[in-house]
There are 2 protein chains.
Amino acid sequence: MTVTIKDVAKEADVAPSTVSRVISDSPRISERTKEKVREAMARLGYHPNFNARSLANQSTKTIGVIMPNSANKTFQNPFFPEVIRGISTKAHQLEYGLYLSTGQSDDEIYEEVQHMVQGKRVDGIILLYSKVDDRVMKYLHEQDFPFTVIGRPYDDSLSNVTFVNNDNLKAAKTVTEYLLLLGHKRIAFIGGNLEHVVTIDHMEGYHQALKNAGIDPCDDYIVFHDELQEGGQEAVIDLMSLAERPSALIVADDIMTFGVMRMLSEMEVHVPDDISIISFNNVMISELSAPPMTTVDINIYSLGYEAANLLIDKILHPDVPAKKVLIPHKMIKRQTCRRVAAERTLKEETL
Amino acid sequence: MTVTIKDVAKEADVAPSTVSRVISDSPRISERTKEKVREAMARLGYHPNFNARSLANQSTKTIGVIMPNSANKTFQNPFFPEVIRGISTKAHQLEYGLYLSTGQSDDEIYEEVQHMVQGKRVDGIILLYSKVDDRVMKYLHEQDFPFTVIGRPYDDSLSNVTFVNNDNLKAAKTVTEYLLLLGHKRIAFIGGNLEHVVTIDHMEGYHQALKNAGIDPCDDYIVFHDELQEGGQEAVIDLMSLAERPSALIVADDIMTFGVMRMLSEMEVHVPDDISIISFNNVMISELSAPPMTTVDINIYSLGYEAANLLIDKILHPDVPAKKVLIPHKMIKRQTCRRVAAERTLKEETL
DNA sequence: TATTCATTTTAAACCGTTTTCATCTTTTTT
DNA sequence: AAAAAAGATGAAAACGGTTTAAAATGAATA
């Protein structure tokens, strides 16, 4: 039925092992035989069976990509296509394939990862998220299975884990400082899921900047939500109901910012005149908000590209120590931040 | 090293074939032996090797998902995560895995599909796009390999192809009629890539509606662009430079609409007061534009879910004839469409 | 011419399952 | 009690490759 290596061998009048060596272009085979075998392969339309190869090789040339728990809408964030595009590019270059997780809940995902690893379905795994106390990461670490994380592992005991990250703390700090410099004193922080390490880092940066400026962080100004737009909207309601409304908002994610801006516009609060906003990620559409949003470009594509790069490196050389790569970020100033008028600042201070 | 079926066999003091039968829960094995074997598996921490299984079974329990040519930014469209979420859900239910294409150009993708098929890496394939004269589709059809298309095949010779689609013609027609009903006469159409069948269907629907209303389609009002936001923006410049500006815009895609609205806002053309807009897809963020956009919900998730469903059906029963599923669409009225003032309409007519 | 050594090629084992077919027990039927 | 049928298990051959170790070939050296 299907043409196998044996058929080719017969056709070319050599042994199957020779054909195998021709496929892998082994130097042990003479040019003349190679040519002969290649012709036979072409004549028969031979194509190697991937599973047989994987079985014999103990290698699948496949990378498992683990999405976060997508029960909520997280998944519709354009962040994911973009990070996958980065992974794809590198994977394709090195002739690796991508195997995507399909689980929706934490349990499903955990089970799926076990299957991938134990069933030897993939050579390595990229975690597209980093949570506090993540079973999946713990499991991979215990199994000593090649994997990389996008984001940093929270638990310091997982010290020898390879990861790609942004300096999220620094980014959040800079962003806060920027708002302070623009004269803002009441800066609120709308974070993502508190279980995600990136949220923790953002908040720490925010805190540090406020502290350095001698401002006491006010709990009312700190809100967390994991759903993207809905979360953004609720957060706005909470913040705008405060006696002392914030004059600036730091938002965890561009998509969330769309929700935030939508809600503000319904409340007839104008951006940036009444309130400044700055957020993170710089996904494609963030320049298309009205007004275009100021945000931190975290270079999503590179996160993916480097993660794949590091992972394949790890697969090929399992014993080299863990690498940690920081992808640079960059503030993209657009039109959602504004200097607070001096008089207003003065008035505030008298309050 | 790794624990195989043979190790389990030894541990349980049975033959490997018995263990295999226990795994598949064959009725030919007595409950007593099953229990014994299961205990041995647990004791040894046995997990079946996927590649070996695939090889013996001639089945991978894996679906190949082919993304469109992503050299351009198409890929960042939240359409894809959402359609994949649909596919994922069904696949997970039926215990199929997802294997993602990584190629960026048409050539790369074509080659990759060949690898998947000939290398028996996947049991079936879902095409996430449908183009005119697509080599990939032609190839899969020739090979008689199980596949489904999201969108409809253009070529009628590919009659026995299973696909999931929206009635895009009808949707575009309805949308156009809706604008006509609102009093619009100068309705422009900003389509996507003309090679995509969906674009052709949209345009046909647009044409039909205009014709029924006795309006001659004006070529200047019809523009195509494949890049998403950039395309949207250029299209706007072109249209707004016309002597007779359109009073309404039909846009192929929500993300493109963001670009369109951004550009209009720069030109100080107000939506919907100066111009009405309606678009397609209803991705998550489309309700977050300013103002929230009127769009056609095409039920992206269901497209994916049904595609996976049909495909797995096809894999399991290769000989049943091709199925074609239409997913219903629904116009979501938000705030980008407006009735044209009677006086203005009158004035126009005197022109 | 016989010996050595490098170069090519091959036979056979292996990767870890599934499955066909045969064998060995039991149980049922006559 | 013998024969037939049913039930449970096992041995061995796939599945389609890779790889180790050995054999064949040919060239170079003594």
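In what do the side chains of A:Asp107 and A:Arg135 meet, and at what N to O distance?

Modeller: The side chains of A:Asp107 and A:Arg135 meet in a salt bridge, at 2.9 Å from N to O; the term denotes a side-chain nitrogen of Lys or Arg within 4 Å of a carboxyl oxygen of Asp or Glu. The pair ties together parts that are 28 residues apart in sequence, because A:Asp107 lies in helix α6 (residues 106-118) of chain A and A:Arg135 lies in helix α7 (residues 135-143) of chain A. Helices (H or I, at least four residues) and strands (E, at least two) are DSSP runs numbered from the N terminus.

This is a predicted model, in which local features need pLDDT of at least 70 and side-chain atom pairs count only at pLDDT 80 or more, while totals for chains, interfaces and linings use all residues. Residues are numbered from 1 along each chain as its sequence is written, chains are lettered from A and ligands numbered from 1 in the order in which they are written, and side-chain values use heavy atoms, with hydrogens and water left out.

Over all chains, the structure holds 24 salt bridges. Across the interface of chain B and chain A, however, the rule finds zero salt bridges. What the rule does find there is 18 residue pairs in polar contact, both residues being at pLDDT 80 or more. A polar contact is a pair of N or O atoms within 3.5 Å; within protein, one must be able to donate a hydrogen and the other to accept it, and residues adjacent in sequence count only if both atoms are side-chain atoms.

On the side of chain B that touches chain A, at least two residues each are supplied by α4 (50-57), α5 (79-93), β2 (97-100), α6 (106-118), α10 (229-240) and α11 (254-266) of chain B. The largest share, seven residues, comes from α5(B). By class, this side of chain B has 20 nonpolar, 26 polar and 10 charged residues; Ala, Val, Leu, Ile, Met, Phe, Trp, Tyr, Cys and Pro count as nonpolar, Asp, Glu, Lys and Arg as charged, and the others, Gly among them, as polar.

The contact (heavy atoms within 4.5 Å) takes 56 residues from chain A and 56 residues from chain B. Chain B and chain A bury about 5,100 Å² between them, and carbon and sulfur atoms give 60% of that area. B:Gln76, B:Met284 and B:Leu288 supply 15% of what chain B buries against chain A, more than any other three residues. Buried area is the accessible area (1.4 Å probe) that two parts lose on being put together, summed over both.

A strand pairing also joins the two chains: strand β2 (residues 97-100) of chain A and β2(B) pair in the antiparallel sense over three bridges, where pairing requires at least two DSSP bridges between the strands. In this pairing A:Leu98 stands opposite B:Leu100.

Of the atoms of DNA strand D that come within 4 Å of the protein, sugar and phosphate account for 62%. The surface near DNA strand D takes its largest share, four residues, from α4(A).

DNA strand C is surrounded by 29 residues, the closest being A:Arg28, A:Thr33, B:Ile5, B:Ser20 and B:Arg21. Here sugar and phosphate account for 60% of the DNA atoms within 4 Å of the protein. Phosphate oxygens of DNA strand C lie 3.0 Å from an N or O atom in the side chain of B:Tyr46, 2.9 Å from a polar backbone atom of B:Asn49 and 3.1 Å from a polar side-chain atom of B:Arg53. The largest share of the surface near DNA strand C, five residues, comes from α4(B). That surface divides into 11 nonpolar, 12 polar and six charged residues.

Key. A residue is near a molecule or strand if one of its heavy atoms lies within 4 Å of it.
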